[in-house]
Amino acid sequence: MPSSNNLRKQPSRSLSKQDELLSIQTQYFVKLEDLKLTRKQKCLRFVYDTDTKKVMGRTPTSWSKIGLFYLIFYGMLAALVAICMWVFLQTLDPRIPKWQQDASVIGTNPGLGFRPMPKDNEESTLIWLQGTNKANYLNWFDNIMEFLDKYYTPGKIEKGNAYLKTCSYTEWPTETEVCEVDVKDWGDCSRDQFFNYYRSSPCIFLKLNKIYGWTPDYYDDPYDLPPDMPKHLQDHIRNITRLEERRNIWVSCEGENPADVEYLGPVQFYPPVQGFPGYYFPFRNSEGYLSPLVAVRFLRPVSGIVINIECRAWAKNIHYNRAERMGSVHFELLID
Amino acid sequence: MIRGSIYSQSEGTTRKGSQILGADDARNTAVSVAVEVSAKVAENRKRLKQGKSAKDNVADLKEELNMDEHLVPLEELYSRYNTNVETGLPSAIAEKMADEKPNRLTPQKQTPAVIKFLLTLFGGFSMLLWIGGVLAIIAYIIDYSRDSGAPRDNLYLGVVLIAVVCITSIFSYYQEAKSDAVMKGFLKMQPQRSHVLRDGKWSEVDADFLVVGDIITVTYGNVVPADIRIITASSFKVDNSSLTGEAEALSRSPECTDDNPMETKNLAFYSTNAVEGTCTAIVLRTGDDTFIGKIARLVGKTKKKETPIRKEIRHFIHLITGLALFLGAIFFTLAMTVQKQQFLQALVFLIGIIVANVPEGLLATVTVSLTLTARKMAKNNVIVKNLEAVETLGSTSCICSDKTGTLTQNRMTVNHLWYDLRVWAVDPAVEDCFQKEHNSFKMLYSIATLNSRATFEETDQSKPLSEWRTSGDASESALIKFCQQIRPISDARKDNPKVAEIPFNSTNKYAVTVCEQRDEGGRFVVYMKGAPERVLARCSKILVCDEEAPLDDTYKEHFEKAYKELGGLGERVLGFAYHNLDTSHYPPGFQFDSEKPNFPCEGLVFAGLYALIDPPRPAVPSSVKACQSAGIRVIMVTGDHPLTAKAIARSVNIIRDETVDELAARKGISESQVEPGEAKAIVVSGQKLKEMDEEEVQNIIRDYDQIVFARTSPQQKLVIVEAVQNVGNVVAVTGDGVNDSPALRQADIGVAMGIAGTDVSKSAADMILLDDDFSSIVKGVEEGRLIFDNIKKSIAYTLTSNIPELTPFLVNVLLNIPLPLSTIMILCIDLGTDMYPAISLAYESAESDIMKRRPRDSKKDKLVNNKLLQITYLQIGVLQACAGFFNYLIVMGDHGFLPKHLKGLREQWDNRNINNLRDSYGQEWTYESRKNLESMAQTAFLLAIVQVQWADLIICKTRMLSILHQGMRNKHLIIALIFETTLIILLTYAPGMSVAFRTYSLKPIYWVSALPFACLILLFDEMRKLIIRKYPQGWVRRNLYY
């Protein structure tokens, strides 16, 4: 760089203050040869200056020096970030999230999800069934199977060292065990029946979001049920005589509006307990753990009409807010 | 030819006899103002527009030159203007005329406020933000048309962006308008009253209401209210300094003495001062038609150059805008093609990239910084008209200064005496520097006191004598002020009443009075003063050491030597003589006749010489030195005589070495034989300048270090300033007269004098020195340089956070991770947390003696250069981005989304219908909860930026010194740190913020994670500065010092 050359030139001792001033002044002067150049020539000179061999204002040596600097700088920075990240990762447990439930943003209010998910339009929650159209119901069938695959072949994903246990209300899993979710003998809502999609009385599968360490607080006292709980669910709970069998997260599905209720018709649940049995909770990120499922079968929904359906999960520590879709799930059903 | 100056000016040896010639030149130069200024400006305009308007101007000028009102008989003039010298104009007609065309200068056409506002609204970065805002609204509309429940984020963003543009524009417009208003108030002239004859009655009206044809009277002390022709006058004198810059009282009388309107005695011009006598006159031209009005108007049309700081900011805006559009375009296409994003999503990226790239608050910061400095300068009596001019002085590499009134006091002072055959220097600081007891001196005192028309108008003991107001011309005032110190002149005059008087006239070049000496029993004495050689010619004796010796050749040689010596110093030399009249011929009570002198004016006794000079202001020599050591060249450009100019230049350090003419005289060669390298100093007269073309003028500026231009006309001042600029300098021009205005306008920064300056010069200038003190310029240079440095620091500080703002969007597109920083948060930083800290850097004190540094080279030392961009964008910015991402990853990881899991997650993450997104621990997140997590991670990112900006603020305090040297004395900066921190706490934890800015309260642990990076920034930068200090010529200094 020319400026650097100027800087390096130490003024000789004999140079008086005035000379210094004059030599400083000359730095401001427009170089006469510069005036002759056109804009284009100046640009070209910038790209490659034949006199100084400068490419884009720097000589190749200069470029390599600055390149080396940044190589070292970024190299060291990357190393530093890597160290920081490593230190951070050391603070994490591979199986247990650092922040859980209320300490975490995820909270203690698990969301409810449904399958099949409409795939053609991501923004939509409409299950549009054309019962006579085989392509259509096979489509939905594949959609569900994609989800249920791991339930039908549990060992397929987990590499098999988890101990699958067939749990019951009396036999809860130990720390090392996970409960089996048996979807094979769900009658009309089984794979063999094509989940009844071809009969226009489809099964919708519900599942609760997994939250590490979350334990439900059951509605197990038949005389202490919330007033907004559907009547038939209250009856169903009261009909269960054994206390341990009432330790379920109950599920209800209804039409959102009175008209929807009417169009929807009767609903059948698998497993018949109409809920997620308590022995599946809490979720401890154990290998082979599968979320419990509830299949809802709409026996005779009116066709040709979009029916708004809301399913709710019931436990004392699942809060419900329709607007924010808390503790519930919403979808539409249209059967042609 | 008529001169205003009573006495000629001595020029020393080079002059051949006619000492008056010099003064004539001065006058000629001065009077040619009109022609040359106008012609020059017209020429400029012609070049600029080549249009009809230029022709119109030339036509205007022709009209000016063809003026005949001073030539025609008065009666014809009366009938031409339908007026009557006895009754004046009928007031009804006059008032109607005054309504139509008031007698005042039309203010310069200002850009209309609306246009100014629109320019700020759409100029600079505003356009980019408009684009961003409109795109955001379009994005919302598209979104809304698909799904009426679409989140309104984009709508809010659009509205906020547009609001930001509007608010910042209103702010900067308001700032500019405020400084404009200051000036307007300043320029508001005091309403002048004027005596006018209308309907046969004299009355007093506002000068604004004068019309052509009015008969008026002007008395001393008044400002001439229009261009007028004298009808009757009694010892009427005007001071044309507002036109010519030369303060001389010029007599005015009814006779037409010259065809040239500028030289004839029967015209007086608008805005000049009547200093003596009274006159009645007829108004010829009013308002804009006056001579001053024409110059003022044409000066207003000279195109003002772009200020250096504006140039720098434009360069910077181009750079940043280019970068923003370039990155925006690349990532938009990348998102659309490679990532197969929806148009809407890509649009959101584009907006984010634009918003991140634009430092929204920066222009406001710069405006505030400049305003603060302007306020600081106002305290030092420097008023800044144009905010940006604050910095221009800092970039100045050459000052072209007028002499009179700027470098000098514009007040003649006795500097030397010559009597008893020796020169006595008068030094007010030294008592008894000359022999007061000698008879010769007593005689000099008597002559100066008694042969004088000057009197004190006030005798205010509280003020120093030199500031007392006097009537009379400059030389006589200087003399009576000098004499007053010896003995009050009123006493001397009382004892010696004046009985006869021959006033000065241009043929005699002397003035004579006869006084009665009461102490000596009523003896009469003739006193004479005048041009030394004329006075000497009338003497036969000389007073030497109390004795009247015959004036022989030895004494004449002595006189010649002293006269040459004093003249060579550029001083105005006056000769004094006397004659004690014989009481037998002139007994007490003798009737003297002034008209037909009946007393001897020859055979006098020569008493001695007074040498007067307009001395430099006391602080000027040191100020010039300060400028020079700051690498600023000071060039004197004056209308004054070369010798005087040189003498003053030497005494104020503008010339320090042998000049070309001195060298030539020493070597006995002609000046043209002197090689440019041989001498460092040169005095160029207007005469020589006239023969040079632009290139030769430029060569002089290139070849000589110390330059004085003397005897220059206003047009030549303009040429000189242009040449200095074209050589590559940033030029400041100081001046006070109308004749300086074109140069003031042409300069990069024009500095006018507040007290001595004319309104025209003030309106042409960018800066006004209220106390007329040249040393204020030095202060201004210092402030200008400091603010340039500090704005640079502010920019470095502000630009750094662009990288941590920008990278989230880039990574968002490239790696498809959930957005690490929202656009609204970028605005929170740019317009919130970063604002005050950036402004506080304007208060930062200088790192080193900035006045020992050379001025910046406007071609190389850019405000924003590639080194600054490298350090901010590629080094500190990257470090900051790392801190931000680290915080983001920690929050995500702590909640279950490990870094490796995040890649490619964005699409599902942002899908409102996926309510069970799995994290690395198998937990399933609803849309709502993971959006909350996103907010939290973004808030952590935001917090990290604020925290590393703490460090950034501290490293930006200095460019070279360690923070340990500089200290933390800037209390605004400390308050800014506290402010910044409080703001981020509010943003994070205050209720309502989560709705407005989508922030989420953070666990205390996340206040720690970015701190290592802040420390790293401090360490890294301290190391860089250490190496820079240690190896001033090293690679680091050359590549990493901005």
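This is a predicted model: local features need pLDDT of at least 70, side-chain atom pairs count only at pLDDT 80 or more; totals for chains, interfaces and linings use all residues.

User: Which residue of chain A forms a salt bridge with Glu924(B)?

Analyst: Across the interface of chain B and chain A, the rule finds two salt bridges. In the one formed by Glu924(B), the closest N and O atoms are 2.7 Å apart, inside the 4 Å cut-off. The partner on chain A is Lys207(A).

User: Thanks! How many residues does chain A bring to the contact?

Analyst: The area buried between chain B and chain A is about 5,800 Å², and carbon and sulfur atoms give 57% of that. Chain B puts 69 residues into the contact. The number from chain A is 60 residues.

User: And how many residue pairs are in polar contact across the interface of chain B and chain A, and which helix gives the most to chain B's side?

Analyst: For pairs with both residues at pLDDT 80 or more, the rule finds 14 in polar contact across this interface. Several elements of chain B each supply at least two residues to the side that touches chain A, among them α21 (620–629), α36 (927–956) and α40 (1011–1030). That side divides into 26 nonpolar, 23 polar and 20 charged residues. With eleven residues, the element that gives the most is α33(B).

User: Let's go inside. Is the pair of Tyr419(B) and Trp424(B) stacked or edge-to-face?

Analyst: Over all chains, the count comes to 49 aromatic pairs. In this one the ring centres are 5.2 Å apart, with 15 degrees between the planes. Both Tyr419(B) and Trp424(B) are buried. Planes under 30 degrees apart meet the cut-off, so the pair is stacked.

User: What about Phe886(B) and Phe1013(B): how many residues apart are they?

Analyst: Their ring centres lie 5.6 Å apart with the planes at 50 degrees, so this pair is tilted. Phe886(B) counts as buried because its relative accessibility is 6%, and Phe1013(B) does so at 1%. The pair links distant parts of the chain, with Phe886(B) in helix α33 and Phe1013(B) in helix α40 of chain B, and the separation is 127 residues.

User: Which residue's side chain makes a polar contact with the side chain of Ser397(B)?

Analyst: Ser397(B) is in the loop between α14 (389–395) and β9 (398–401) of chain B. Its relative accessible area is 2%, so Ser397(B) is buried. At 2.7 Å, the side chain it meets belongs to Asn729(B).

User: How far apart are the C-alpha atoms of Ile313(B) and Val864(B)?

Analyst: Ile313(B) is in helix α11 (residues 308–337) of chain B, and it counts as buried because its relative accessibility is 15%. Leaving aside neighbours within four places in sequence, Ile313(B) is in contact with Leu363(B), Val366(B) and Leu863(B). Along the chain, Ile313(B) and Val864(B) are 551 residues apart, yet their C-alpha atoms are separated by 8.3 Å.

User: One last one: is Thr257(B) buried or partly exposed?

Analyst: Thr257(B) is in the loop between β5 (249–252) and β6 (267–268) of chain B. A polar atom of its side chain lies 3.0 Å from the backbone nitrogen of Lys265(B). Thr257(B) and Ser761(B) are 504 residues apart in sequence and 30 Å apart in space, C-alpha to C-alpha. The relative accessibility of Thr257(B) is 34%, so it counts as partly exposed.

Technical notes: Residues are numbered from 1 along each chain as its sequence is written. Chains are lettered from A and ligands numbered from 1 in the order in which they are written. Side-chain values use heavy atoms; hydrogens and water are left out. Contact means heavy atoms within 4.5 Å. Buried area is the accessible area (1.4 Å probe) that two parts lose on being put together, summed over both. A salt bridge is a side-chain nitrogen of Lys or Arg within 4 Å of a carboxyl oxygen of Asp or Glu. A polar contact is a pair of N or O atoms within 3.5 Å; within protein, one must be able to donate a hydrogen and the other to accept it, and residues adjacent in sequence count only if both atoms are side-chain atoms. Helices (H or I, at least four residues) and strands (E, at least two) are DSSP runs, numbered from the N terminus. Ala, Val, Leu, Ile, Met, Phe, Trp, Tyr, Cys and Pro count as nonpolar, Asp, Glu, Lys and Arg as charged, and the others, Gly among them, as polar. Buried means under 20% relative accessible area, exposed over 50%, partly exposed in between (1.4 Å probe, protein chains only). Rings of Phe, Tyr and Trp (its six-membered ring) pair if their centres lie within 6.5 Å; planes under 30 degrees apart count as stacked, over 60 as edge-to-face and the rest as tilted.
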